Amino acid sequence: MSIFGGIYIKPVKLLIFLFFNLKLDVTHKKKQNRVISGAASKFSIAGRVLNAMNRRNYSSTRCISAESLNPRSDDSTSGLRASSRKKRLKKQEDLEPLEKDFRKGTSLPDIEDTPYKKTNGYASFLTSKLNSYIKSTEASTSASSIKASGKPPDDWEKVIEGIRKMTSSEVAPVDTVERDRTGSFLPPKERRFYVLIGTLLSSQTKDHVTTAAVDRLLQNGLLTPEAIDKADESTIKELIYPVGFYTRKATHVKKVANICLTKYDGDIPSTLEELLSLPGVGPKIAHLVLHVAWNDVQGICVDTHVHRICNRLGWVSKPGTKQKTSSPEETRVALQQWLPKEEWVAINFLLVGFGQTICTPLRPRCGTCSITELCPSAFKETPSASSKLKKPIKSKKP
């Protein structure tokens, strides 16, 4: 007897039971397979139909688009297509030599080796802008680096003659001071140092103040390189006060004296470059010292009076413009382009005296000037009578 599911069954009956159960399972699986295969065949047929329909539609649309886009009767479209093909071929021909060189292993040609070609679009715009900028820069550089001969202003000789006549009748501070500043009463070596120190102290200082400071140094025996080098800087500062920037100038005087002792054996430099290397010495001082001390004229000495009057007369301007010069050095360069060299020394003393007496910085005396007809700035800086009347008049109370 066998036990199956808690029930006692005979072996024969058990075998029969198992056989029928297995047969039912097999038949059920066969039915399932037939259903699945039928569905798959149906889906495969539908797929083949859809693919055929898509191929048919694609071929028809392709034929329609080809016919609509490429009509045989449109000659202009065919002409455009031919021209575009020619352009593509031309570009390929231009690129072929570079491709061949690259395949051979040679380096590409430099920019200077390839010819310039016209380009379209933004690249050509940038190229044109760059070229114009380079040309303008080169033009400005060449104009500033090359000194033109310079055309003299009209009636400049009449102006100088008129200024000479006016200054001869009036005594300017420069006329009395410059004779003392040359140090003609001293030996040559000491005289040159005297001229250097006096001119160094005169920068941005009135003439009578400079003359008094130089006299105090002379009275105290401090106008030689040896004496100044041994003296204290505070002593020099007290003696030259109240010249402009007296503290800084006292330091410069000490350094200049030491340089003259160590490098020039107690004398002063004899070239423009060496004078400009001294502390506190600029172009105006260097040219004046070179002329007065060594009798060597290499340029015009331009101070604030010469700078102002030359601009008022319209004698100088910035290169390539009609604007006034902005510094005495610009005035010197512009003036030397046209003024004859024989006038380079006299022009400084002439215009300084004229600027101190008549053509003053504030309220120039145009009413007493004899060259107003030749001066473009005449009466333009003189306050008018109406501006004087605008000031309120205080009435006295009764």
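The model is predicted, so to speak of local features we require pLDDT of at least 70, and side-chain atom pairs count only at pLDDT 80 or more, while totals for chains, interfaces and linings use all residues. Residues are numbered from 1 along each chain as its sequence is written, and side-chain values use heavy atoms, with hydrogens and water left out.

I begin with the whole chain. It holds 16 helices and 2 strands, taken as DSSP runs (helices H or I, at least four residues; strands E, at least two) and numbered from the N terminus. Of its 398 residues, 29% count as buried, that is, under 20% relative accessible area with a 1.4 Å probe.

I turn next to two helices. The axes of α6 (residues 188-201) and α7 (residues 207-219) come within 9 Å and cross at roughly 140°; these axes are lines fitted to C-alpha atoms over the stretch in contact, with angles from 0 to 180 degrees between N-to-C directions. Their contact (heavy atoms within 4.5 Å) is made by Y194, I197, G198 and L201 of α6 and T210, V214 and L217 of α7.

Finally, where does H307 lie? H307 belongs to helix α13, residues 304-312, and is buried at a relative accessible area of 15%. Leaving aside residues up to four places away in sequence, H307 touches V302, T325, S326, S327, P328 and T331. With T331, the side chain of H307 also forms a polar contact of 2.6 Å, meaning a pair of N or O atoms within 3.5 Å, one able to donate a hydrogen and the other to accept it, where residues adjacent in sequence count only if both atoms are side-chain atoms.

Technical notes:
Buried means under 20% relative accessible area, exposed over 50%, partly exposed in between (1.4 Å probe, protein chains only).
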